[in-house]
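I opened the structure to look up a few positions, the packing around them and some totals for one chain. My notes follow in the order in which I made them.

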Amino acid sequence: MKAHFAQVLARETTSLGAVTDAADLAHWRRGLIEELMTPRSPYAKALRQGGDTRDRAVFLDQWRDLIAVALAPVVESGGGADDGADVQRTAVLILAAVHGGSILSRVAKDAQPLNAALDVALGPLLAPADAAPAWTGANGPLGNMEL
Amino acid sequence: MTTSADPLNGKRLTARGVKTRARIVTAAADLMYVRGVAATTLDDVVAASGVSKSQLYHHFSGKDMLVRAVIDLTGERVIQRERDALGHVSTIAGLKRWRDQLVHNNALRHGAYGCALGSLASAVSDHDDVARLALEQLFAEWQGLLVDVFRRLQQTGVLPADAAIEPLATGLMGALQGGYMLAQTARDVTPMVTSIDMALKHIENLSVA
């Protein structure tokens with residue numbers, strides 16, 4: 001496997017392994033964005049398309065599994081109704097947001113698209129104070145007035 | 001004689017020149033979509049378009065210039081397709097039909113080629129700033145179509161009036177582009193389906209109950 005794939009997986013094993021609640025997840029997200037916005041980081045290199053597709057597929061599967069394992073306690077502590085299947089599906093969305101957000105951020109030379117993509121992917125799991133969500137008041141009086 | 005300016009080098013082109021140029025760009029766009037930008041050589045484009053190498057060089061000083069023309073053509077195609085697909089969407093069900101169409105088209109090739117625009121972005125953003133700016137503009141246009149959909153959803157009360165719809169459109173585009181990339185690696189459209197569906201579910205959850 002390519003060196004940067006192995007490097008990312010090693011670091012993710014540590015950083016995702018430390019996640020026990022929403023605050024940890026928000027912390028993980030901040031570090032991840034920093035890495036992805038640094039062109040020389042193994043994270044940025046690992047996300048460039050190209051190279052052996054089988055290596056990449058194995059890398060992505062492993063990263064997705066690490067994310068899913070880290071999400072489980074956050075979903076539980078949040079009292080979410082999500083079941084295991086939803087945790088797996090959320091992990092796929094997070095991985096997609098990391099990829100798609102990164103490419104949009106490279107095109108824009110700005111971290112905002114990556115942030116917006118991760119807001120959509122992680123928003124439901126993060127407490128408002130940690131998430132700095134891209135929307136407000138979904139259930140507030142203003143929203144209800146629109147009915 | 002009818003002439004038109006070559007958008008890249010400002011040369012006046014005859015009708016025949018316009019045709020030749022279009023043939024080159026179309027062939028290059030198809031090759032780059034299937035093989036990727038890096039794996040497509042100018043010789044490949046010459047062979048596929050049936051023009052001579054000197055004709056190619058008459059229109060394009062090098063590969064970078066050709067790639068820029070491919071971005072323009074691909075962008076035009078994608079934006080037209082998306083304008084047709086999103087232009088009248090004003091419900092969550094309509095957004096799901098848009099998703100069905102994208103997935104259906106991608107599934108025909110087991111997701112092998114990804115999004116034509118996303119692949120170009122991935123290939124050139126880091127080393128050609130002119131191309132990068134053109135792509136930034138195209139993605140902004142595409143996301144603008146999604147913002148318009150969300151605005152219509154706000155007008156009908158489906159989305160709350162104070163929802164920040166621009167970041168939401170960017171986030172959905174990120175999920176879509178990432179979904180394409182995961183599908184491309186997996187040679188299976190399933191992760192793309194999952195990623196768009198989860199993003200749409202998030203948007204649905206913002207709906208005013």
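I looked up S195(B) and found it in helix α9 of chain B, residues 190-205; helices (H or I, at least four residues) and strands (E, at least two) are DSSP runs, numbered from the N terminus. The model is predicted: local features need pLDDT of at least 70, side-chain atom pairs count only at pLDDT 80 or more, and totals for chains, interfaces and linings use all residues. Residues are numbered from 1 along each chain as its sequence is written, chains are lettered from A and ligands numbered from 1 in the order in which they are written, and side-chain values use heavy atoms, with hydrogens and water left out.

Is S195(B) buried or exposed? S195(B) is buried, at a relative accessible area of 0%; buried means under 20%, exposed over 50%, and partly exposed in between (1.4 Å probe, protein chains only). Setting aside residues up to four places away in sequence, I listed its contacts as V92(A), L93(A), A96(A), A175(B) and G179(B), where contact means heavy atoms within 4.5 Å.

Next I took G100(A), which lies in helix α5 of chain A, residues 84-108. G100(A) is buried as well, with a relative accessible area of 0%. Beyond its neighbours within four places in sequence, G100(A) is in contact with G174(B), Q177(B) and G178(B). I also noted 7.6 Å between the C-alpha atoms of G100(A) and A117(A), which are 17 residues apart along the chain.

Of its 111 residues, W63(A), L95(B), W142(B) and F150(B) touch the most other members. The largest share of this core, twelve residues, comes from α5(A). For L95(B), leaving out neighbours within four places, the contacts include L86(B), L146(B), F150(B) and L200(B).

As a contrasting position I checked T41(B), in the loop between α1 (15-35) and α2 (42-49) of chain B. T41(B) counts as partly exposed, at 38% relative accessibility. Its C-alpha atom is 34 Å from that of D100(B), 59 residues apart along the chain.

Last, I recorded totals for chain B. The chain has nine helices and two strands, and from the N terminus its elements run β-β-α-α-α-α-α-α-α-α-α. Its C-alpha atoms fill a box of roughly 65 × 40 × 30 Å along the principal axes. Of its 209 residues, 53% are buried.

Methods
Core = buried A, V, L, I, M, F, W, Y, C linked by side-chain atoms within 4.5 Å.
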